[in-house]
Amino acid sequence: MIKTVFEPAIPSRPTYGVLTPGVGSAHLFVADGEGADAVCDLFAQGEGLKASSHIIYIPGANGCDRSAALQALGVPQFHRSPSFAAAQSRLAKVLADAHMGLQVYAAGTEGLMAQVAAAAQHAGLPYEAVQMEHRGSLARRVQCVHCKGVTENVTLDPFVCSHCGLSLFVRDHFSRRLAAFQGVNIDAEDPGLVPASVERFK
Amino acid sequence: MSLDFNDETFRGDFTFKNSAKAIKRFPFPFPEDSYMYSVNMEPHVPGPVGSVFEHMFDVDEHYVSEMRDRAQVLADDPLRCQSLPHMELAGWDLLELIMESKARDYPHWFSLTKDGNQWHWVNRPLQIEQKFTFLDASTLPYGPMEYITRQTQGDFTLQDQRDDDLWIEAGMVTTQADWSLDFDIGMSFKQWHAPVPLAHQMGIFDRALKFLLKLQHGAPVRRFNWTMTVDPLLDTSPENYPKWGPGKTTMTPQTIGHRQHLRVELQTLHRLPRSNAIAFPIRCYLIRFEELVTVPKWARRLHRVVRDIPDELATYKGFLRNKPLMLEYLAPFDDGQPTSPGFAPE
């Protein structure tokens, strides 16, 4: 699958590039779903990184699981995690233990990439230090502005907040700190008048 | 509460109102009969006696009640006041600016005495007396920004400056026109303005950012912004939208004069001396339509502004659905006569 082409969006929404081999002492990859393909494509460019790479992989919420392909790359550290939340403490430890020159790569859904960038920033790396490439699902990670709960893998608009149950429409406004889009109650002015949901984010 | 200050509410029974004096000094934001975005920045220098520009931070008849409303908003949702760890120094800068300004401009209400870093602050309207050590947060009941903005009308944000950009990294936001500090904190200038329609393409934010990066200490600037609010709600937050949104649907030709308010923000920008951050007070003034139309020029002009505003802007400002009702109410006050340039009543 080739790199996703996005419609022009408002300036708070990040833009993404194509992973390219960085120069550094160690290479940390975090990918979900089809993001594995971006990692494989990068390794296909040369074997240089292989001896110093660590891959954390989370199968996609859409069922896409490329664990076998990543494992076949033969890197010294490969970890398959059932969710980003489950991988978070490992990621934080790797970032905390990192030496100068660590290269960080994130590939897959927007929510995954933003959470990796937030974790990296938390560890003291600048936002720009994380290379990102979007692959696969356009499903969004959305924070409910009312109850503050985050709903993962939102494909419908409007959708029902998984925490407070309000019907939310999904804005393009994006917080890098929260790694989430913003969801706002769609029937606040006319309670009960909720338009039919459409699958906006496949 | 003393005679200087109203005892009024901005929720529930909505007893807020403006005195004749407050109407006369209301900061009407339209210098001409139409409205489009502009940067419209001017030096924040002292204006005429009695005007909202007379002092650095205007303290008016709504002060005590507004501070009571803010305390309630914060009790309900402490996330309305946040400061990222590196912004504490900017908070001290802001505290100093406000305390010195108020003690100088309103000596009968506020006083500040300094003995080195040992400061003594007295706020008579709110019955607060505080001795503390400047730059030592452990000597105040809140962080410095929260402490002083619990005693100052208007929302406040603090912007750090780095990488040729401004980063919104602290704020006290309880009287906002539908934006979330909790969501926007940490964003760059263009990121937090991202949802504003049209203005990016017009280059407004490029010009504004370029201007603000060069803002000098001691040379604050100001501009107006405005929107519409049904009922005198200070807290029109996205967080509480399901609570206040339904009120927008129940106005009638009989109630619009009383319930519909023009909401004006007097925004000032101040470079802070130690942190090099920018303080951005956003002071909200409300006036109900029936108060506003007592000034013939303002009534005429507001009718023309509302009539001619593009739907995209009316939607963004949240009043498209009530625009026909507003025009029906305002039209009889527009006799077609020309209006004089500028904000003044006539």
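In strand S3 of chain A, A:Phe78 is the bridge partner of A:Ile55. The model is predicted: local features need pLDDT of at least 70, side-chain atom pairs count only at pLDDT 80 or more, and totals for chains, interfaces and linings use all residues. Residues are numbered from 1 along each chain as its sequence is written, while chains are lettered from A and ligands numbered from 1 in the order in which they are written.

Strand S2 (residues 53–58) of chain A pairs with S3(A) in the parallel sense, over four bridges. Two strands pair if DSSP finds at least two bridges between them. Strands (E, at least two residues) and helices (H or I, at least four) are DSSP runs, numbered from the N terminus. Helix H1 (residues 35–44) of chain A packs on the sheet. H1(A) touches strand S1 (26–32), S2, strand S4 (102–108) and S5 of chain A. Its direction makes about 150° with that of S1(A). H3(A) also packs on the sheet, touching S1, S2 and S3 of chain A. The direction of H3(A) makes about 160° with that of S2(A). Such angles run from 0 to 180 degrees between N-to-C directions, and axes are lines fitted to C-alpha atoms, for helices over the stretch in contact. Residues are in contact if their C-beta atoms, placed from the backbone, lie within 7 Å.

Now take the sheet as a whole. It is open, has five strands in the order S3-S2-S1-S4-S5 (chain A), and its pairing is parallel. Strand S3 (77–80) and strand S5 (130–134) of chain A stand at the edges with a single partner strand each, so one side of each has no neighbour in the sheet. Neighbouring strands are turned by 15° against each other on average, direction ignored.

Next, the helix pair. The axes of helix H3 (residues 84–97) of chain A and H4(A) come within 10 Å and cross at roughly 35°. The crossing is right-handed, a term for a near helix turned clockwise from the far one by less than a right angle. H3(A) contributes A:Phe84, A:Leu91, A:Ala92 and A:Leu95 to the contact. From H4(A) come A:Leu112, A:Gln115, A:Ala119 and A:Ala120.

Chain A is divided into domain 1 (26–134) and domain 2 (140–199), with bounds from an automatic or database domain assignment. Their C-alpha centres lie 28 Å apart. Eight residues of domain 1 are in contact with seven of domain 2.

The largest nonpolar core has 53 residues. A core is a set of buried Ala, Val, Leu, Ile, Met, Phe, Trp, Tyr and Cys residues joined through C-beta atoms within 7 Å; buried means that 20 or more other C-beta atoms lie within 10 Å of a residue's own. A:Val30, A:Val39, A:Ala106 and A:Val116 have the most contacts inside this core. Helix H4 (residues 110–122) of chain A gives the most to it, seven residues. At least three residues come from each of domain 1 and domain 2 of chain A. Another core, of 31 residues, lies apart from it and includes B:Leu181 and B:Trp192.

Chain B has an open sheet of seven strands, ordered S1-S8-S9-S10-S6-S7-S2, with antiparallel pairing. S1(B) and strand S8 (residues 221–230) of chain B pair over two bridges. There, B:Pro43 stands opposite B:Val221. Six bridges join antiparallel strands S4 (residues 118–123) and S5 (residues 128–133) of chain B. They form a hairpin with four residues between them.

Technical notes. A residue is buried if 20 or more other C-beta atoms lie within 10 Å of its own, exposed if 12 or fewer, and partly exposed in between; C-beta atoms are placed from the backbone. Two residues are in contact if their C-beta atoms, placed from the backbone, lie within 7 Å.
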